[in-house]
Amino acid sequence: MLKKAKEDLSLLMRSGKHIFVFELTYKLAATAIVYPLAVLVLNLVFRFAGISYLTNEYILKAVTNPAVILTLVLLIVLFVLYCSYEMSFLTTCFELKRQECTASIIETGLTALKHIRPLFQIKNIPLALFYFIMILTINVAICGNVLYSQTAVNLFKMYILRNTWFVKGALIAGTLIIYTVMIFGIYSFHVFMLEGVDFRQAYKKSAAIVKKHFMGTLGSLVMYNLGVLVIIGIFYVVTLILILNIQDKIYLCLQKRKDEEGAMDDSTLIEQIQLGSKDAFKQMFIKFYSPLCEYASQYVSDEDAEELIQ
């Protein structure tokens, strides 16, 4: 297991440049373009269907509306396509490096595109559906977002916690079965791309690999999800620091502008001081305190200069 981990790490290091550039570009495009557009389209469809919020009372209305169903199906297809191409690129990149091929990132991307095309043929739809379910169950980030959404929490409280122990037991058993099926088919997509076989053959070969390297597969799965959590954590921390710094700069700029707008010239300050204005005296003190201290310190010590000016 340790030897396999070292080999995988070495392969990752050799593929690092292509993977880093691809992942950075791909994730930024998804975050800045694809995801906002998907949310916008979904919100427009919800508004068209008369759904204000995705609460419990609107869920039944949403899943029975043809426009909403069609939009959700299209978004699922888009999501599967997005994740499939990412996996296809990574698999292709690793395989090319394993074979010591010197392909550019564009050539790797085009090769990955050729590998993924058969996935959306009618005969391979079961593999696409299997891959979609696997992403939702295996990827800890996506799974966490789904489980900890308010809608999912409300549904869980309403239909699971308040139900009988038989239903709860059936749910636990069903979850274990689903995860077992997903784990044994975890390499199906890779086998499909590299060997061009159908879903049944790909799953059989994947199950054989998992049986032979069960602990290694579980270890790789755990390490992958831990890596994802670490990357997400770093991303959130960096984003939070940037947001706080930007907020501080905006606050200082606004405060400076406010001070400049409220500042008075010397003659006005003197007139206002003569009229007994405390704000004018404060502005006069702040404005001339430092220059006067510097001037006085030429003749006396700094401490004496501060006392003199005060």
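## Residue S188

S188 sits in helix α10, which covers residues 188-195. Helices here are DSSP runs of H or I with at least four residues, and strands are runs of E with at least two, numbered from the N terminus. This is a predicted model, in which local features need pLDDT of at least 70 and side-chain atom pairs count only at pLDDT 80 or more, while totals for chains, interfaces and linings use all residues. Residues are numbered from 1 along each chain as its sequence is written, and side-chain values use heavy atoms, with hydrogens and water left out.

S188 counts as buried because its relative accessibility is 0%; buried means under 20% relative accessible area, exposed over 50%, and partly exposed in between, with a 1.4 Å probe and protein chains only. A polar atom of the S188 side chain lies 2.8 Å from the backbone oxygen of G185. Not counting residues up to four places away in sequence, S188 touches L127, F130, A202, Y203 and S206 (contact: heavy atoms within 4.5 Å).

## Nonpolar cores

A nonpolar core is a set of buried Ala, Val, Leu, Ile, Met, Phe, Trp, Tyr and Cys residues joined through side-chain atoms within 4.5 Å. The largest one has 33 residues, and those with the most contacts inside it are Y85, F89, L119, Y131, M134, I138 and F192. Helices that each supply at least two residues of this core include α2 (16-48), α4, α9 (165-184) and α10. The largest share, eight residues, comes from α6. Another core, of six residues, lies apart from it, with V45, F46, A49 and A62 among them.

Y85 is in contact with F22, Y26, G109, A112, L113 and I116, leaving aside its neighbours within four places in sequence.

## Helix α4

Helix α4 runs over residues 66-98; its 33 residues should span 48 Å at 1.5 Å a residue, and this agrees with the 47 Å between its end C-alpha atoms. The expected span is 1.5 Å times one less than the number of residues.

At the N-terminal end, N65 caps α4, with a side-chain oxygen 3.0 Å from the backbone nitrogen of A67. After α4 comes E100, whose phi is positive, near 60°.

## The whole chain

The protein chain has 15 helices and zero strands. Of its 310 residues, 25% count as buried. Among contacts with a separation of 6 or more, 58% are between residues 24 or more positions apart.

The accessible surface of the protein chain comes to about 22200 Å², and carbon and sulfur atoms hold 69% of it (Shrake-Rupley method, 1.4 Å probe; for residues, only the protein chains shown count as cover).

Note on methods
A polar contact is a pair of N or O atoms within 3.5 Å; within protein, one must be able to donate a hydrogen and the other to accept it, and residues adjacent in sequence count only if both atoms are side-chain atoms.
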